[in-house]
Amino acid sequence: MYSIPKDGDIVLAIRNVMARYRAIRSQRELRERVEQELNFGGGTYHVSAERARRLAIISGVAKLKVWTRATGRKGTIKECPVCGETLITSRNMTIFGKTVTTGYKCKKCSYWTEMDNIRLPSRYEFHLRKRR
Ligand SMILES: [Zn+2]
């Protein structure tokens with residue numbers, strides 16, 4: 001049986017992990033380090049890679065670098081595939097004076113995509129955010 005940690009405990013673990021390693025090269029590595037941190041001294045906490053990633057972004061503890069790849073597919077998406085935030089549309093004015101939606105961007109993280117060639121995240125890096 002796994003135990004499910006609280007958001008606050010995960011954020012604290014991410015903070016410690018980032019302070020120690022400064023840079024984490026993948027979301028899998030983040031998950032592993034966070035679980036190690038949470039289970040230090042014995043424990044069965046389980047965190048999904050996606051939850052660790054989202055909490056790292058939402059809490060502002062880590063600065064994120066995202067690589068995306070174009071899928072070649074058209075589509076509409078409402079939620080940011082990186083952080084879960086509602087996406088805003090980017091619009092362009094056509095020569096006829098109409099506005100058309102050409103893509104989406106996230107105001108929480110750096111994710112953006114075109115509408116007729118949806119980009120999806122393929123790799124993540126997490127960097128320690130320096131305190132101001
Ligand atoms: Zn986002």
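**Entry 1: the α2/α3 pair**

I started with how α2 and α3 pack: their angle is about 90°, and their axes lie 9 Å apart. I am working from a predicted model, so I keep that in mind throughout. Angles from 65 to 115 degrees count as roughly perpendicular, and α2 and α3 are therefore roughly perpendicular to each other. Next I looked up who meets whom. From α2 come Gln27, Arg28, Leu30, Arg31 and Val34, and they meet Ala49, Ala52, Arg53 and Ala56 of α3.

**Entry 2: stepping back to the whole chain**

I listed the elements and found 3 helices and 6 strands. Read from the N terminus, their order is α-β-α-α-β-β-β-β-β. The C-alpha trace spans about 65 × 40 × 20 Å along its principal axes. I also checked burial: 24% of the 132 residues count as buried. For contacts between residues at least 6 apart in sequence, I noted that 60% join residues at least 24 apart.

**Entry 3: α1**

Which residues of α1 are buried? I found Ile10, Ala13, Ile14, Val17 and Met18. Looking down the axis of α1, I saw these buried residues fall within an arc of 135°, so they line one face of the helix. Gly8, Ala19 and Arg20 are exposed, on the face of α1 turned away from its buried side.

What do the buried residues of α1 pack against? Their partners are α2, α3, β2 and β6. I also looked at the length of α1: its 15 residues reach 21 Å from first C-alpha to last, close to the 21 Å expected at 1.5 Å a residue.

**Entry 4: the largest nonpolar core**

I then turned to the largest nonpolar core, which holds 26 residues. The members touching the most others are Ile10, Ile14, Val34, Ala52, Ala56 and Phe126. Two or more residues come from each of α1 (7–21), α2 (27–38), α3 (49–58), β2 (62–70) and β6 (119–128). α1 gives the most, with 5 residues. A general reminder to myself: in soluble globular proteins, nonpolar side chains tend to be buried together.

Last, I picked out phenylalanine 126. Setting aside neighbours within four places in sequence, I found phenylalanine 126 in contact with Met18, Ile24, Leu30, Ala56, Ala62 and Leu64.

Notes. Residues numbered from 1 in each chain as written. Predicted model: local features only at pLDDT ≥ 70, side-chain atom pairs only at ≥ 80, totals over all residues. Core = buried A, V, L, I, M, F, W, Y, C linked by C-beta atoms within 7 Å. Buried ≥ 20, exposed ≤ 12 C-beta atoms within 10 Å, placed from the backbone. Helix = DSSP H or I, 4+ residues; strand = E, 2+ residues; numbered from the N terminus. Contact = placed C-beta atoms within 7 Å. Expected span 1.5 Å × (residues − 1). Arc of directions from axis to C-beta. Axes fitted to C-alpha atoms, helices over the stretch in contact; angles between N-to-C directions. Parallel < 35°, antiparallel > 145°, perpendicular 65-115°, else oblique.
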